[in-house]
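Here's a quick briefing to read alongside the model. Have a look at the fold first, then we'll go through the metal site and the rings.

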Amino acid sequence: MMAVEDYRGRGSPKASGKGAGPKEGARSIFVVQEHLASRHHWDLRLEIGGVLRSWAMPKEPPLAPGIRRLAIQTNDHPLEYADFEGNIPEGEYGAGRVKRWDGGTYEFESVHDNKYVCIMKGDRLKGAYVLLRFRPGKEKGMWLFFRRK
Ligand code: MN
């Protein structure tokens with residue numbers, strides 16, 4: 001486990017450059033952190049190009065097909081943040097408790113600008129999941145996250 005200060009000291013990495021985007025078949029880690037902040041949410045973080053690309057979901061990630069969750073893209077986080085659990089103090093951004101909800105590895109079955117298909121190998125999330133951007137053109141946008149039938 002790392003201290004919040006370690007993470008904050010490093011600052012947020014900038015968006016990935018050329019060649020650091022998602023790649024089909026690449027095996028990478030993922031984590032879902034349950035975050036009891038002022039708004040309870042779940043942070044999905046996928047290792048892409050050396051950082052954790054991140055989405056915040058206001059509702060619990062779906063285990064079964066047929067349930068679509070809103071996933072709002074948020075700032076990239078350092079890879080080390082995948083192991084973070086603990087309390088972000090009052091007054092800090094994201095104040096509240098963070099605990100690991102799921103984690104494991106995944107690989108991309110396919111990658112398009114607005115649609116990623118991920119084969120998840122987590123403790124809870126298993127099988128093919130889709131991230132679908134529904135407002136193309138915005139760098140950080142609104143996505144849907146759901147298990148493929
Ligand atoms: Mn969060």
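Is His41 buried or exposed? His41 counts as buried because its relative accessibility is 16%, and buried means under 20% relative accessible area, exposed over 50%, partly exposed in between (1.4 Å probe, protein chains only). Keep in mind that this is a predicted model, where local features need pLDDT of at least 70, side-chain atom pairs count only at pLDDT 80 or more, and totals for chains, interfaces and linings use all residues. Residues are numbered from 1 along each chain as its sequence is written, and side-chain values use heavy atoms, with hydrogens and water left out.

**Metal site**
- The manganese ion has His35 (ND1), His41 (NE2) and Asp43 (OD) as its protein donors, 2.1 to 2.3 Å away.
- Donors are N, O and S atoms within 2.8 Å of the metal (3.2 Å for Na, K and Ca); water is not among the atoms, so sites may look incomplete.
- Along the sequence, these donor residues follow the spacing H-x5-H-x1-D.
- His35 is buried too, at 7% relative accessible area.

**Overall build**
- Buried residues account for 44% of the 149 residues in the protein.

**Aromatic rings**
- You'll find six aromatic pairs in the structure (Phe, Tyr and Trp rings, using the six-membered ring of Trp, with centres within 6.5 Å; planes under 30 degrees apart are stacked, over 60 edge-to-face, the rest tilted).
- Tyr81 and Phe84 are stacked, because their ring centres are 5.1 Å apart and their planes at 10°.
- Phe108 and Tyr116 pair edge-to-face, with 5.4 Å centre to centre and 70° between the planes.
- Ring pairs tie Trp55, Tyr106, Phe108, Tyr116 and Trp143 into a cluster.
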